Amino acid sequence: MITDARTAMEEIETAAFELLEESLAGEYRRRLRKRLGEGESAERAVAEYVTERTQAEGVYEWAGHLFLLERLRNQGALNGAETQAVELRGLGAIERARARFREAHPPCGHCDTPLFERQAASCAICGGDLKAKVA
Ligand SMILES: [Zn+2]
């Protein structure tokens with residue numbers, strides 16, 4: 001049981017990682033629908049790209065806030081002095097989640113889209129052959 005979602009660093013990192021995967025799965029579903037159109041085989045292909053949430057809902061809400069904060073900071077649209085300590089610690093968790101995400105989903109050597117499965121034989125987005133690639 002989490003008493004304060006803002007200070008549960010491991011949970012925030014996991015939730016942020018899952019949000020990144022969720023977003024990637026959504027991108028795969030959109031792009032596959034576009035390419036394959038309607039029909040059973042398209043639905044089957046799309047159904048493979050689903051993710052699960054393992055944390056309490058409040059942790060995702062907080063992680064979402066941190067992603068927004070990160071974006072604003074990167075745009076230089078935030079005065080650093082106004083960022084709270086608990087937010088700075090949270091931003092560290094977001095950074096670790098991004099590193100984990102990059103490790104789990106390296107980019108396709110052909111189209112640069114993060115691979116949904118690290119060991120995929122071919123890219124589901126561009127169809128590029130990944131077997132020859134040196135890991
Ligand atoms: Zn590709």
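This is a predicted model: local features need pLDDT of at least 70, side-chain atom pairs count only at pLDDT 80 or more; totals for chains, interfaces and linings use all residues.
Residues are numbered from 1 along each chain as its sequence is written.

**Whole chain.** Start with everything shown as a cartoon. You will find 4 helices and 0 strands, where helices (H or I, at least four residues) and strands (E, at least two) are DSSP runs, numbered from the N terminus. Along the principal axes, the C-alpha atoms fill a box of roughly 50 × 30 × 25 Å. Of the 135 residues, 19% are buried; buried means 20 or more other C-beta atoms within 10 Å of the residue's own, exposed means 12 or fewer, partly exposed is in between, and C-beta atoms are placed from the backbone.

**Helix 3.** Now select residues 57-74. This helix has 18 residues and reaches 26 Å from its first C-alpha to its last, close to the 26 Å expected at 1.5 Å a residue (1.5 Å times one less than the number of residues).

**Its buried side.** Show V59, W62, A63 and L66, the buried residues of helix 3. Looking down the axis, they fall within an arc of 100°, so they line one face of the helix; the arc is that of the directions from the helix axis to the C-beta atoms.

**Last stop.** Go on to G76, which follows helix 3 and has a positive phi, near 70°.
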